[in-house]
Amino acid sequence: MIKVRFAAALPEGSHCVVVLVPKDALAETAVPGDATLIRAAAAASRFEGEAGAVSEHHVAHASGAQRLLLVGVGQSSEEDFEKAGAAISARLLTSGETQVAVDLAGLAIKPSAKAVARLAAGAVLRGWRYDTYRTKLPEKQKPTLAEVIIVGAPEGIEGAWAHQSAIVEGVSLTRELVTEPANIIYPATFVERCARLKDFGIEIEVLGRDEMAAAGMGALLGVAQGSVREPKLLVMKWDGSAGAQAKPVVLVGKGVTFDTGGISLKPPGGMEDMKWDMGGAGAVAGAMLTLASRKSKAHVVGICGLVENMPDGNAQRPGDVVTSMSGQTIEVINTDAEGRLVLCDAMTWVQKKYSPDYMVDLATLTGAIIISLGHEYAGLFTNDDGLAEKLTSAGKAASDPLWRFPLSAAYDKLIDSPIADIKNVGPREGGSITAAQFLQRFVNDGVKWAHLDIAGMVWASKPGAVWDKGATGFGVRLLDRFVADNFEG
Ligand code: BES
Ligand code: MN
Ligand code: ZN
């Protein structure tokens, strides 16, 4: 991962220099070298200082030629600064440069410490890669950029960076879990990768098949029964409130480490994507790491239902009826609608144990949400308008956007079963909503609950704001912000 350092002066020796330029403010921005020529060249290449725009130049330097990037910060919002940071590492990651110095001295505006910290976070996040399995990467495709040095950062930068750096750590864990293939990350190894959360003061509890059977989790275990991998329920506890918050905020993650569809087998095209069907669990684990590593003052419990959904001689069949921990019976119409079966038992267990006032689940639950929202928003479903507002505004501020969908009795009726209390799929129409209705049947009275369908957001087929193609780490920044804004006193 790219390192971040704050310094008073530009470093000695060879490095790239970045000068930040607000929209249309190049004339007022101090530029090294032949400023007149560079401004003219930038204007000729249509650089206007839009957030994330880059104009590359070279200036004379003791080391020979020094690369100079003019990087736009647009309207200078925090998000604009983050985009600028991401643009810097996108441009320089494999450029041959090892060090970049972002010189704030000549900047036409005075950025806040938070904005500068987000620039640094944007740079590290955009530079994140997972090259573990690339043994033959050509030299020129290997990352070279190792360090971002921010020169002349405003007062308060240490605190602002401590928070952003915790976010970077959490997002990195999530991306790692999501990127790893399903022969490497399965329930037991997911749990192992999270063992390091203990070093940050998180208490971990793990339930295996026997404990879950004893608790009566027939829905979750029904999904797991076609796999040779033992399912796990991973519980991560963080109490930074020193006992002041008796009830934790609960985060629940869908952790299907591979989803073949089971006996309702998925078609082969694109099935490899189902290695990231644990993206909700990955986001919960990453968020817990972020909260603990920045010593959040909140009381939060994260729980991940970890299973593999496989077809097998012992796999559950369409038409099977299972009994969930809540006592409700479920007719399994389609074994590919497995996420809700995993989540419902995890939700019942955590509500029984912690009686939370707030419970938020994250899940790559339906393909239908991708049809509705594409890859721009995750779907939000909730029984509480206040919680809708809290999550929507946290998502907006943290650049993990959410869009609310309806819930209602008419949708709920669509999942009544002729043989059991409920069936696990409704009609094709409104598939994301009936999935949410299913989950709502397992929410206890009085619990403010939200379900985030993040199926369109976990994995990107092209580079985005602060990610390359691949795992995005969606949800970590959102959950961190949601907790920070509402549960830290
Ligand atoms: N994990 C999938 C949903 C999914 C699909 C996530 C594509 C990401 C990309 C989920 O378990 C699933 O298979 N859902 C079914 C539900 C259907 C059987 C009611 C779906 O969306 O097709
Ligand atoms: Mn499925
Ligand atoms: Zn799934």
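**Reading helix packing, ring pairs and burial**

Me: At what angle do the axes of helix α9 (residues 339-354) and helix α13 (residues 431-440) cross, and within what distance do they come?

Reply: The axes of α9 and α13 cross at roughly 25° and come within 9 Å. Here axes are lines fitted to C-alpha atoms, for helices over the stretch in contact, with angles running from 0 to 180 degrees between N-to-C directions. Helices (H or I, at least four residues) and strands (E, at least two) are DSSP runs numbered from the N terminus. The model is predicted, with local features needing pLDDT of at least 70 and side-chain atom pairs counting only at pLDDT 80 or more, while totals for chains, interfaces and linings use all residues. Residues are numbered from 1 along each chain as its sequence is written, chains are lettered from A and ligands numbered from 1 in the order in which they are written, and side-chain values use heavy atoms, with hydrogens and water left out.

Me: How are α9 and α13 oriented towards each other, roughly parallel or roughly antiparallel?

Reply: Angles under 35 degrees count as roughly parallel, over 145 as roughly antiparallel, 65 to 115 as roughly perpendicular and the rest as oblique, and α9 and α13 are therefore roughly parallel to each other. Their crossing is right-handed, a word used if the near helix is turned clockwise from the far one by less than a right angle, whereas anticlockwise gives left-handed. R340, L341, L343, C344 and M347 of α9 make the contact (heavy atoms within 4.5 Å) with A435, F438 and L439 of α13. The residues of this contact divide into 7 nonpolar, no polar and 1 charged, where Ala, Val, Leu, Ile, Met, Phe, Trp, Tyr, Cys and Pro count as nonpolar, Asp, Glu, Lys and Arg as charged, and the others, Gly among them, as polar.

Me: How does helix α3 pack with helix α4, at what angle and how far apart?

Reply: Helix α3 (residues 113-126) packs with helix α4 (residues 157-179) at an angle of about 25°, their axes being 8 Å apart, and that makes α3 roughly parallel to α4. This crossing is right-handed. On the α3 side the meeting residues include A113, K114, V116 and R118, and on the α4 side they include I157, W161 and Q164. The contact of α3 with α4 divides into 12 nonpolar, 1 polar and 3 charged residues.

Me: What angle and distance describe the packing of α2 and α3?

Reply: Helix α2 (residues 78-92) packs with α3 at an angle of about 35°, with the axes 7 Å apart, and α2 passes α3 in a right-handed crossing. Among the residues in this contact are E78, E79 and E82 of α2, together with K114, R118 and R126 of α3. Its residues divide into 8 nonpolar, 3 polar and 6 charged.

Me: Is R118 buried or exposed, and which residues does it touch?

Reply: Burial is read from relative accessible area: under 20% is buried, over 50% exposed and in between partly exposed (1.4 Å probe, protein chains only). R118, placed in helix α3, counts as buried because its relative accessibility is 5%. Leaving aside neighbours within four places in sequence, R118 is in contact with E78, E79, E82, Q164, A397, A398, S399 and R477.

Me: Where does C194 lie, and what surrounds it?

Reply: C194 lies in the loop between α5 (187-193) and β7 (203-207), and is buried, with a relative accessible area of 0%. Not counting residues up to four places away in sequence, C194 touches L177, I204, L234 and A285. C194 and L173 are 21 residues apart in sequence, and 8.7 Å apart in space, C-alpha to C-alpha.

Me: How many aromatic pairs are there?

Reply: A pair of aromatic rings is described by the distance of the centres and the angle of the planes. Rings of Phe, Tyr and Trp (its six-membered ring) pair if their centres lie within 6.5 Å; planes under 30 degrees apart count as stacked, over 60 as edge-to-face and the rest as tilted. By this rule the count comes to 8 aromatic pairs. One of them, W128 with Y130, is stacked, at 5.9 Å centre to centre and 10° between the planes. W128 counts as buried at 14% relative accessibility, whereas Y130 counts as partly exposed at 22%. Elsewhere, ring pairs link Y358, F482 and F487 into a cluster.

Me: What is the phi of R46, and what is that of S355?

Reply: R46 has a positive phi of about 65° although it is not a glycine, and S355, also other than glycine, has a positive phi near 40°. R46 is found in the loop between α1 (35-44) and β3 (54-61) and is exposed, with a relative accessible area of 72%. S355 lies in the loop between α9 and β13 (358-363) and counts as partly exposed at 40% relative accessibility.
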